[in-house]
Amino acid sequence: MYAVIFSLKRSNTLEGYQEMDELTMQEAEKINGYKGYESVYNENQEGIFISYWESMEAINEWRNNTLHKTAKLKGIEQWYDRYSIKICKIEHSNDFVKNIK
């Protein structure tokens with residue numbers, strides 16, 4: 001499994017951002033090999049969005065997706081002051097969920 005780590009700082013110009021975010025998430029879910037995501041943001045519009053993928057082939061399909069390319073371009077032009085993308089292979093994962101009754 002792979003993780004795509006997207007660290008970002010949003011700009012103050014976010015017109016259309018929420019709508020595109022919803023559309024791109026719907027599009028990602030259609031890709032065979034997409035496993036989900038986690039994200040966290042602070043009050044300064046900085047955040048980390050981590051998506052999980054079964055293979056590099058699935059990541060490349062997402063990277064080449066037309067809607068995703070459009071969203072990235074709009075992000076560069078308007079929505080982000082900065083961002084960084086890292087792709088990492090997950091060697092091991094361990095999850096814990098407390099059973100609360």
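Guide: Buried means under 20% relative accessible area, exposed means over 50%, and partly exposed lies in between (1.4 Å probe, protein chains only). By that rule, 33% of the 101 residues in the protein are buried.

Visitor: What kind of model is this?

Guide: It is a predicted model, where local features need pLDDT of at least 70, side-chain atom pairs count only at pLDDT 80 or more, and totals for chains, interfaces and linings use all residues. Residues are numbered from 1 along each chain as its sequence is written, and side-chain values use heavy atoms, leaving out hydrogens and water.

Visitor: How many helices and strands are there?

Guide: The protein has 3 helices and 4 strands. These are DSSP runs, numbered from the N terminus: helices are H or I with at least four residues, strands are E with at least two. Along the sequence the pattern reads β-α-β-β-α-α-β.

Visitor: In what order do the strands sit in the sheet?

Guide: The order is β2-β3-β1-β4, in an open sheet with antiparallel pairing. Two strands pair if DSSP finds at least two bridges between them.

Visitor: Which strands stand at the edges?

Guide: β2 (34–41) and β4 (80–89) do. Each has a single partner strand, so one side of each is left without a neighbour in the sheet. On average, neighbouring strands are turned by 15° against each other, direction ignored.

Visitor: How many bridges join β2 to β3?

Guide: There are 7, and the two strands run antiparallel. Glu-38 stands opposite Ile-50 in β3. β1 and β3 are also antiparallel, joined by 8 bridges. There, Ala-3 has Tyr-52 as its bridge partner in β3.

Visitor: New topic. Which helix packs on the sheet, touching β1 and β4?

Guide: Helix α3 (residues 66–79) does. Its direction makes about 145° with that of β4. Contact means heavy atoms within 4.5 Å. Axes are lines fitted to C-alpha atoms, for helices over the stretch in contact, and angles run from 0 to 180 degrees between N-to-C directions.

Visitor: At what angle do α1 and α3 pack?

Guide: About 155°, with their axes 10 Å apart. They are therefore roughly antiparallel to each other. The cut-offs: under 35 degrees is roughly parallel, over 145 roughly antiparallel, 65 to 115 roughly perpendicular, and the rest oblique.

Visitor: Which residues meet there?

Guide: From α1, Tyr-17, Met-20, Leu-23, Thr-24 and Glu-27. From α3, Leu-67, Thr-70, Ala-71 and Trp-79. They divide into 6 nonpolar, 2 polar and 1 charged. Ala, Val, Leu, Ile, Met, Phe, Trp, Tyr, Cys and Pro count as nonpolar, Asp, Glu, Lys and Arg as charged, and the others, Gly among them, as polar.

Visitor: Where is Cys-88?

Guide: Cys-88 is in strand β4. At 30% relative accessibility, Cys-88 counts as partly exposed.

Visitor: What does Cys-88 touch?

Guide: Met-1, Tyr-2, Ala-3 and Ile-5, not counting residues up to four places away in sequence.

Visitor: And how far is Cys-88 from Lys-101?

Guide: Their C-alpha atoms are separated by 36 Å, with the residues 13 apart along the chain. The whole C-alpha trace spans about 40 × 35 × 25 Å along its principal axes.
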